[in-house]
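Here is a short report on one protein chain. Take a look at the sequence and the structure before reading on.

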Amino acid sequence: MKIEISVNFIGVVRVMVPDHLSADDSSLLAEKLALARIVATCDNPDAPEDNACCEYAEECSDTAQATAEQDWDACEVETVSGAWLATGG
């Protein structure tokens, strides 16, 4: 039997990004990385990150595109504080 549980994450994720990025590119990269790592699954943990990295590379500035993949790999999630909440299902 399969049961689906809807969940929300309420909290804060702190991400260290490379210093050379603009404020806009830094925010975009941190948001994509945090969301991708939160939704990673046991079956294919790299899929959300791969997709999010590609999205970042497409959406970031022309300057940041040259190093998008390396910048993604250089990021580090420092802390995750919050909670998963079941919303019914």
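R37 is partly exposed, with 34% relative accessible area. Partly exposed lies between two cut-offs: buried is under 20% relative accessible area and exposed is over 50%, using a 1.4 Å probe and protein chains only. The model is predicted, so local features need pLDDT of at least 70 and side-chain atom pairs count only at pLDDT 80 or more, while totals for chains, interfaces and linings use all residues. Residues are numbered from 1 along each chain as its sequence is written, and side-chain values use heavy atoms, with hydrogens and water left out.

R37 forms a salt bridge with E49, and their closest N and O atoms are 3.0 Å apart. This pair links distant parts of the chain: R37 is in helix 1, E49 is in helix 2, and twelve residues separate them. A salt bridge here is a side-chain nitrogen of Lys or Arg within 4 Å of a carboxyl oxygen of Asp or Glu. Side chains of opposite charge can pair when their charged atoms come close. Helices are DSSP runs of H or I with at least four residues, strands are runs of E with at least two, and both are numbered from the N terminus.

E49 is buried, at 18% relative accessibility. Leaving out residues up to four places away in sequence, E49 touches L33, A36, R37 and W72. Contact means heavy atoms within 4.5 Å.

How many salt bridges does the rule give? The count is three. Two of them involve K32. One joins K32 to E55, with the closest N and O atoms 2.9 Å apart. K32 sits in helix 1 and E55 in helix 2, 23 residues apart, so the pair links distant parts of the chain.

The other joins K32 to E59, at 3.2 Å from N to O. Again distant parts of the chain are linked: E59 is in helix 2 and K32 in helix 1, 27 residues apart. Together, K32, E55 and E59 are linked in a network of salt bridges.

Is K32 buried or exposed? K32 is buried, with a relative accessible area of 14%. E55 is partly exposed at 36%. E59 is partly exposed too, at 46%.

## S26 in helix 1

S26 belongs to helix 1, which covers residues 23–38. S26 counts as buried, because its relative accessibility is 16%. Which residues does S26 contact, leaving aside neighbours within four places in sequence? They are V17, P18 and L21.

## V77 in strand 2

V77 lies in strand 2, residues 76–88. V77 is partly exposed, at 26% relative accessible area. Not counting residues up to four places away in sequence, V77 touches V13, R14, V15, L33 and R37. The C-alpha atoms of V77 and V17 are separated by 9.0 Å, and these two residues are 60 apart along the chain.

## A negative patch

D46, D50, E69 and D73 form a negative surface patch. Patch residues have over 30% relative accessible area and no salt bridge, and like charges are joined within 9 Å. Asp and Glu count as negative.

D46 is in the loop between helix 1 and helix 2 (47–59). D46 is partly exposed, with a relative accessible area of 47%.

Methods. Patches are made of residues with over 30% relative accessible area and no salt bridge: like charges are joined within 9 Å, nonpolar side chains (Val, Leu, Ile, Met, Phe, Trp, Tyr) within 5 Å. Accessible areas come from the Shrake-Rupley method with a 1.4 Å probe; for residues, only the protein chains shown count as cover. The place of a charge is taken as NZ of Lys, CZ of Arg, CG of Asp or CD of Glu.
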